Amino acid sequence: MRTCFLTSLAYGFVVLLSLLLPSAPWAEGTADRMALTLPIDCILGDTCVIQQYMDHDPSRDARDYTCGGATYDGHKGTDFRVSVLHMRRGVDVLAARAGRVIGVRNDMDDVRADTDRRRDTVRGRECGNGVVIRHGSGFETQYCHLKRGSVTVAPGDQVSAGAVLGQVGLSGNTEFPHLHLSVRLNGDPIDPFAPDPGRAACAVPFRDLWTGTMADHTYAPTQLFGDGVGDGMISFRAVLDGAYDGFQPRRDRALVVWGLGLNGQPGDTLGLRLSGPRGLIVATTADRLEARKAQWYAFAGRKAPKAGWAPGVYTWRIDLRRGTRVIDSRSGRVTVD
C-alpha cells in the first residue's frame with residue numbers, strides 16, 4: 001500500500017521527501033523525554049486498528065519492528081485505520097505530546113488515491129491535510145490524511161498532549177481512512193515502537209515511546225476489520241466505501257455475508273458461514289490466501305428462494321485462521337421481515 005511518503009510540513013507546506021534516511025543517534029533516557037500518547041480518539045483493536053508500522057529494512061524488502069510484514073518498503077510512520085462509517089461520524093486526531101504547531105494544511109479534498117492518475121494529483125502533497133508539531137530537543141510529530149476543513153490549529157499555536165488537531169479523513173495519498181503518524185528526531189524518522197537503532201527489536205526486549213493506553217499495545221497485525229451482509233455480488237470498492245453499513249435485506253433478494261481481513265499471510269483463510277431460522281445453512285466458504293496482502297475480502301451467499309427468505313433472524317460467523325488456529329473472529333445478525 002502506498003499510503004503516504006514522509007513529508008516535512010512547514011508553513012505553506014514546503015515539501016521535503018525523506019526516504020531511507022540514516023538512523024538518528026539515540027541517547028539514554030530519550031524515551032523518558034519523548035513519551036507519546038495515543039494520537040487518535042478511538043479504541044485500539046475495536047473502533048480503530050494499527051494497519052501498518054514503520055519499515056526497518058533499508059533494502060527493497062520491508063519488515064516492521066518485530067521483523068514481521070505489517071509495513072511496506074519505505075514506510076516512515078504508523079497508520080491508525082478507522083472505518084468509513086467512523087470517519088463520516090468524525091474521529092478526532094490528537095496531539096501525541098505537548099508542543100508548538102509549525103505547519104498546517106487544511107484544503108485538500110477527501111478522495112481515495114486508488115489509481116495512478118489520482119496519486120499523480122497529490123504528488124508532492126502525499127501527506128494530505130495535516131499538522132506538524134515541534135516538541136523540543138529535536139523532536140517533531142506529523143499527522144497526515146486529515147479531513148478537509150477539520151484542522152483546528154494554526155502555526156504558532158501551543159498545544160497540550162491530547163489536544164484536538166482535526167479529524168481523520170481521506171486526503172493525500174491514501175486508499176483508506178487513517179491517521180499516519182510520523183515521529184522525527186533532528187529530521188530523521190524514528191519508530192515509536194522501537195526507537196533505538198542499536199537494538200535488535202525483533203529479537204530482544206526493548207523500550208518504546210508510548211505511554212497511557214498505548215503502553216499496553218499488543219502486536220497483532222493480522223485481523224478482521226469489517227463484516228456485514230449485502231444482496232448481491234460484493235465489490236471490494238463498496239466494502240471500502242462503507243456501502244453496506246446499515247444494510248437491511250429483503251425477502252426476495254439475495255443474501256450475502258462478507259468479511260474484510262488485514263495483513264494476511266500466505267495460507268491464511270477467511271471462513272464464512274451464514275445461517276437462517278430453523279438451522280438453515282444459507283452459505284459457507286473458506287477463502288485461502290496465496291500471497292501476502294495488506295487487505296483482502298471474501299463473501300458467500302445465494303439468491304432468494306422462489307417463496308422468499310423465511311422471516312426471522314439470520315446470523316453469520318467469520319473466522320480468520322492460520323493453519324488450525326483461529327486468529328480472529330466476528331459474528332453478527334440481521335432480521336428479515
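Gln223 has Leu262 of strand S12 as its bridge partner, and S11 and S12 are paired in the antiparallel sense over seven bridges, where pairing requires at least two DSSP bridges between two strands. This is a predicted model, in which local features need pLDDT of at least 70 and side-chain atom pairs count only at pLDDT 80 or more, while totals for chains, interfaces and linings use all residues. Residues are numbered from 1 along each chain as its sequence is written, and side-chain values use heavy atoms, with hydrogens and water left out.

**Sheet**

- Three strands, in the order S11-S12-S15, form an open sheet with antiparallel pairing; strands (E, at least two residues) and helices (H or I, at least four) are DSSP runs numbered from the N terminus.
- Because S11 and strand S15 (293–302) stand at the edges with a single partner strand each, one side of each is left without a neighbour in the sheet.

**Largest pocket**

- The largest pocket has a volume of about 570 Å³, a volume being the space filled by probe spheres set on grid points joined across faces, edges and corners.
- A pocket is an open set of points on a 1 Å grid over the protein atoms alone, where a 1.4 Å probe fits, with protein on both sides within 12 Å along at least five of seven lines, and lining residues have an atom within 4 Å of a point.
- Its lining comprises 28 residues, with Gly226, Asp227, Asp245, Trp258 and Arg330 nearest the centre.
- S11 gives the largest share of this lining, five residues.
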